[in-house]
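Dear colleague,

Please find below the structure that I am handing over to you. My notes on it follow directly after.

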Amino acid sequence: MTDLLSTPGLSSTDEHAPLQLIDPQGHRVITEENATLRAQVSDLTLDDLRTFYKDMMLARRFDAEATALQRQGELALYAPLLGQEAAQIGSGHALRPTDMVFPSYREHGVAHTRGMDLAKILQLFRGVDHGGWDSFEKNFHLYTLVIGSHALHATGYAMGLQRDAKVGRAAGDEAVMVYLGDGATSQGDVSEALGFAAVNNAPIVFFVQNNQWAISVPNSKQFKGELYTRGEGFGVPGIRVDGNDVLASFAAARWALDHARSGEGPVLIEALTYRMGAHTTSDDPTKYRTREEEQHWRDRDPIARVKALLESENAWNDTDETALAAELEGFGEYIRGYVKSLGRPESTSIFDHVYATDNALVREDREWFAQYEASFMDTSGGAR
Amino acid sequence: MTATVPAPQAAPAPNSAKPLPFAKAINAGLRAAMAKDERVLLMGEDIGPLGGVFRVTEGLQAEFGEDRVVDTPLAESGIIGTAIGLAMRGYRPVCEIQFDGFIFPGFDQITTQLAKMHYRSKGRLNLPVVIRVPFAGGIGAVEHHSESPEALFAHTPGLRVVSPGSAQDAYTMIQEAIASPDPVLFFEPKGRYWEKGPVDLSTPIGSDTLNKAVVARTGTDVTLVAYGPTVATALRAAEAAAAEGTSIEVIDLRAISPLDTDTVVASVKKTGRCVVVHEAVTYMGPGAEVAARVTERCFYELQAPVLRVGGFHNPYPVAKLEHDYIPSLDRILDSVDRVLAY
């Protein structure tokens with residue numbers, strides 16, 4: 001199976017070309033180089049592919065709803081995943097429920113594949129919660145905003161998995177997947193994570209979505225050489241796939257996760273994609289990239305590609321599309337209703353959970369604040 | 001100044017106490033914690049066969065194996081960051097940072113991740129990570145090996161910051177730090193590693209040493225507040241002052257976050273005078289917080305301003321000059337005289 005690691009190229013004409021299973025026109029790609037990836041999807045049915053398509057459409061709808069909510073002042077900020085649906089939905093579906101995911105902050109599509117209620121993510125962007133969910137309910141950790149920091153948490157978690165049998169925990173075959181962007185690969189923490197993962201032979205996959213822009217900084221100013229080879233010096237082999245190809249993303253992630261979980265060590269996947277939208281709702285891409293470039297990637301839309309494939313294989317028709325549209329309409333309504341129902345948390349909640357144990361400093365502040373608030377009340381308890 | 005008799009020494013150690021160097025006391029505490037809970041792991045640079053550059057972990061890898069005493073790559077952020085992941089998986093990592101001046105590559109993980117995870121997860125995630133840091137000076141070391149950065153961590157909500165002042169506390173406090181569900185910065189006064197003190201290895205944990213300061217010596221005229229390496233200096237100063245008829249009460253803070261203000265205030269209400277001693281830079285240092293709190297709560301009892309004896313506002317000096325920098329017995333007594341002169 002190691003041929004995947006030694007032959008990253010799609011063809012001999014470009015040794016760095018990403019591996020594909022679906023081309024931008026929606027045709028299946030069959031080459032000698034992608035045989036290992038093809039084997040990974042051989043058990044997928046057309047129904048599975050329909051699920052991928054529907055999930056990608058839902059992720060895109062979520063993006064549209066959240067962006068609109070931000071424009072209406074209902075969210076303080078939102079980080080869209082527009083353009084990265086294939087990389088996220090594909091890799092997300094490759095995970096087992098027992099695998100642990102450490103997302104960055106744009107992995108809404110992955111969250112959906114974990115069975116997360118996406119609305120919960122918007123608590124963070126509305127400013128009512130720093131997290132918003134239980135990391136272990138769906139084995140999807142909280143978002144991490146300090147770029148690359150979570151690569152080490154993921155690696156440590158994988159080192160924990162390796163020790164479980166020794167502390168009487170059932171030794172499962174879980175693996176860990178950490179999601180990173182191209183910008184994160186410049187962070188020292190990511191290099192340290194690759195080093196720790198390698199020497200420990202930890203069951204972890206580094207899934208790098210190279211969306212080509214770290215806010216306004218392009219790949220050319222971020223790194224030299226190829227990202228998928230970044231781990232090699234640390235002893236972490238890499239694969240490059242077309243991140244706008246949902247099947248290739250699925251296949252590479254599934255292969256790498258199995259590689260890791262079977263004790264063969266960590267793998268880095270570079271999924272080459274494109275951030276079709278802004279970095280966040282506060283960003284303005286017109287200041288740093290061209291319309292031509294954006295159009296070039298719109299023509300390689302990850303959703304159009306899979307839809308074309310489904311249609312060509314008679315697995316999708318207008319009736320399906322109409323049914324999906326109605327479903328997404330309901331989803332949108334749910335998201336809007338949920339966000340608007342999120343009220344202001346209690347003021348005193350700022351003192352909750354600073355420590356897991358009683359703490360004199362927090363207690364002092366909490367008591368002072370309560371007294372201060374009470375000073376505005378008249379004796380009957382009403383506001384003065 | 002009122003006439004005083006020399007203050008009694010702190011209660012003698014129990015009979016089962018044996019003299020043990022500070023470093024051996026921590027070693028014994030680590031061993032006890034590891035024996036009790038198999039989820040306790042040690043991680044750090046050179047802590048395996050070598051036993052750490054100060055030999056604090058000596059013999060532990062042989063006893064507990066390489067999976068529990070982990071020689072890590074030379075990367076402090078990596079040590080703390082992976083400890084966070086291990087803690088998420090249910091382990092209780094104890095990280096050794098080789099020297100105080102090398103903690104800064106891990107500063108981001110400590111302050112932005114470790115300190116906040118419990119809060120941002122609304123209490124769903126506990127990170128019981130202990131970070132052991134040999135700190136402070138006095139050993140004639142080269143640059144970056146003698147610093148006292150504890151205030152930087154005490155300024156970060158979510159962390160506990162402690163430093164034992166006696167061998168017995170070193171033994172007990174390291175175990176209580178490991179048992180705590182909160183992240184703990186455990187600053188070890190490296191200059192005291194080889195000083196022996198009575199340690200009773202049968203002392204149970206649970207005495208709340210991470211929250212409670214201790215009166216290391218009772219007195220009536222001046223309260224000397226110290227922690228970590230300056231506790232011994234303060235006790236020596238008190239001894240010298242007693243010979244001249246001044247009764248000094250020494251408070252060993254044990255924790256600078258959270259500060260046990262009540263114990264300090266109770267003492268100052270009695271003495272009316274307070275001097276705070278630490279090696280950390282005086283400006284914006286822990287002593288400033290103690291002084292502010294004492295002033296707020298003892299305003300009418302104070303006979304003199306609270307004085308601080310600490311590091312000057314310069315980078316830690318060269319080894320040949322470090323004893324001009326470290327708060328000495330004479331510098332402490334000078335400040336004691338000054339608060340008594342009011």
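Two residues are taken to be in contact if their C-beta atoms, placed from the backbone, lie within 7 Å. By that criterion, and leaving out residues up to four places away in sequence, Phe206(A) touches Ala151(A), Val178(A), Leu180(A), Leu194(A), Gly231(A), Val236(A), Pro266(A), Leu268(A) and Ile269(A).

Conventions are as follows. The model is predicted, so local features need pLDDT of at least 70 and side-chain atom pairs count only at pLDDT 80 or more, whereas totals for chains, interfaces and linings use all residues. Residues are numbered from 1 along each chain as its sequence is written, and chains are lettered from A and ligands numbered from 1 in the order in which they are written.

Confidence. The mean pLDDT (the predictor's confidence in each residue, from 0 to 100) of chain A is 94, with 95% of its residues at 70 or more. Over residues 6-12 of chain A, pLDDT stays under 50, and the model has 19 contacts beyond four places in sequence for them. Where pLDDT is low, the predicted coordinates should not be read in detail.

Overall form. Chain A has 14 helices and seven strands; these are DSSP runs numbered from the N terminus (helices: H or I, at least four residues; strands: E, at least two). Among contacts in chain A between residues at least 6 apart in sequence, 74% join residues at least 24 apart. The domain assignment, which is automatic or from a database, gives domain 1 (3-341) and domain 2 (347-384) of chain A. The centres of these two domains, taken over C-alpha atoms, are separated by 42 Å.

A residue counts as buried if 20 or more other C-beta atoms lie within 10 Å of its own, exposed if 12 or fewer, and partly exposed in between. Of the 384 residues of chain A, 47% are buried. In helix 7 of chain A, 14 of the 15 residues are buried. Asp14(A) is exposed, because 9 other C-beta atoms lie within 10 Å; Asp14(A) sits in the loop between helix 1 (3-6) and helix 2 (35-41) of chain A.

A nonpolar core is a set of buried Ala, Val, Leu, Ile, Met, Phe, Trp, Tyr and Cys residues joined through C-beta atoms within 7 Å. The largest such core has 191 residues, and Phe206(A) and Leu224(B) are among those that touch the most other members. Helix 10 (residues 246-264) of chain A gives the most to this core, with 11 residues.

With kind regards
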